[in-house]
Amino acid sequence: MWIRCRQLNDKHKKMIGEVTEKSTGVSKTVWRKVLYEDFGVADNYTDNTFLQELRTNINLSPISFKQSITGSLRITTYLSMVFIFLSVYFLLENGVISLINISMVSAAIYFTLPILSFVENSSSISVRDSIIYLGISFALSPVLKTLTESTSTDSIYAICSLLFLLHLFSIDYGKSYVVASKQISLSTSLCAAICLASRLPSHYHVFSLLTVAITCFAIFPHIYALSNYSEFVGGMLIFVSLICLYYADSELFILGVVAFILLNLVLPYLYVKCQKFKTNIYGPWDEPVI
């Protein structure tokens with residue numbers, strides 16, 4: 001019985017793996033990349049033909065320097081809104097600008113969005129919503145004025161810095177990615193605005209800063225989306241934010257200039273230059289895609 005099994009095994013080997021080279025008369029087993037045949041080698045054996053199917057950077061689309069700058073402009077546009085809000089806060093705290101001017105500008109932007117929404121056939125916000133935002137802000141401003149009296153100013157600034165970073169990290173830049181959340185970005189920015197507003201001298205100052213916060217972090221994203229993320233709008237906001245920072249605080253102005261140069265010029269340039277080092281390999285070890 002054992003002899004019969006051995007004969008059948010030898011016959012099976014001859015059928016699947018033996019090729020006779022007639023010129024030399026030497027018998028040789030040809031290895032193939034299959035696991036259901038026995039070639040007399042280990043399961044992890046490979047020969048020189050294994051890497052012939054290796055491919056690198058399939059369907060790679062290089063990004064130009066202009067495209068890289070255009071993409072980074074969306075980030076700096078939302079960053080400029082944070083700088084504009086911080087500028088208004090310091091200007092209100094130092095008494096440089098009046099409450100009436102701030103409130104009028106914010107109210108004008110409040111009621112501009114419904115007009116744009118009507119023109120673009122969008123239902124992002126209505127006049128009623130704008131009035132509700134203003135009413136709630138004015139009603140809560142006396143309460144918010146005394147919200148953080150027991151907390152030091154340095155602690156408030158540290159918390160607001162972290163909240164604004166989280167706001168910029170989770171905001172929707174018009175591209176779908178995992179951490180994008182409009183709810184988180186809006187909540188963190190308004191929380192930071194409330195903390196800073198509690199440092200102002202009167203509840204009228206608090207109301208003015210809250211209107212600016214809602215304009216920058218709730219109203220502006222809708223306007224920016226309606227403009228199809230226009231590069232002109234982004235460039236103008238960066239210019240306006242730098243002017244506001246110049247009159248508000250010298251240290252913030254330097255920080256803004258460095259941030260804009262880094263995000264709009266240095267990092268896009270490095271990104272384009274580093275594309276040549278990108279290597280995605282594809283080969284027989286990848287899982288099959290149906």
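Helices (H or I, at least four residues) and strands (E, at least two) are DSSP runs, numbered from the N terminus. This is a predicted model, in which local features need pLDDT of at least 70 and side-chain atom pairs count only at pLDDT 80 or more, while totals for chains, interfaces and linings use all residues. Residues are numbered from 1 along each chain as its sequence is written, and side-chain values use heavy atoms, with hydrogens and water left out.

**Exercise 1. Find how many helices and strands the chain has, and in what order they run.**

Solution. Start with the count: the chain has 9 helices and 4 strands. Next, read the elements from the N terminus: α-β-β-β-α-α-α-α-α-α-α-α-β. Then turn to burial, where buried means under 20% relative accessible area, exposed over 50%, and partly exposed in between (1.4 Å probe, protein chains only). By that rule, 31% of the 290 residues are buried. Finally, take contacts (heavy atoms within 4.5 Å): among those in the chain with a separation of 6 or more, 71% join residues 24 or more positions apart.

**Exercise 2. Work out which side of helix H8 is buried and what covers it.**

Solution. First, place the helix: H8 spans residues 231–248, 18 residues in total. Its first and last C-alpha atoms are 26 Å apart, close to the 26 Å expected at 1.5 Å a residue; the expected span is 1.5 Å times one less than the number of residues. Second, list the buried residues, which are Gly234, Leu237, Ile238, Ser241, Leu245 and Ala248. Seen down the axis of H8, they fall within an arc of 105°, so they line one face of the helix; the arc is that of the directions from the helix axis to the C-beta atoms. Third, look at the face turned away from the buried side: it carries the exposed residues Phe232, Phe239, Tyr246 and Tyr247. Last, check the cover over the buried residues, which includes helix H2 (65–93), helix H7 (203–226) and helix H9 (250–273).

**Exercise 3. Describe the loop between H7 and H8, taking Asn228 and Tyr229 in turn.**

Solution. Begin with Asn228: its phi is near 60°, a positive value in a residue other than glycine. Asn228 is exposed, with a relative accessible area of 62%. Move on to Tyr229, whose phi is near 55°, again positive in a residue other than glycine. At 17% relative accessibility, Tyr229 is buried.
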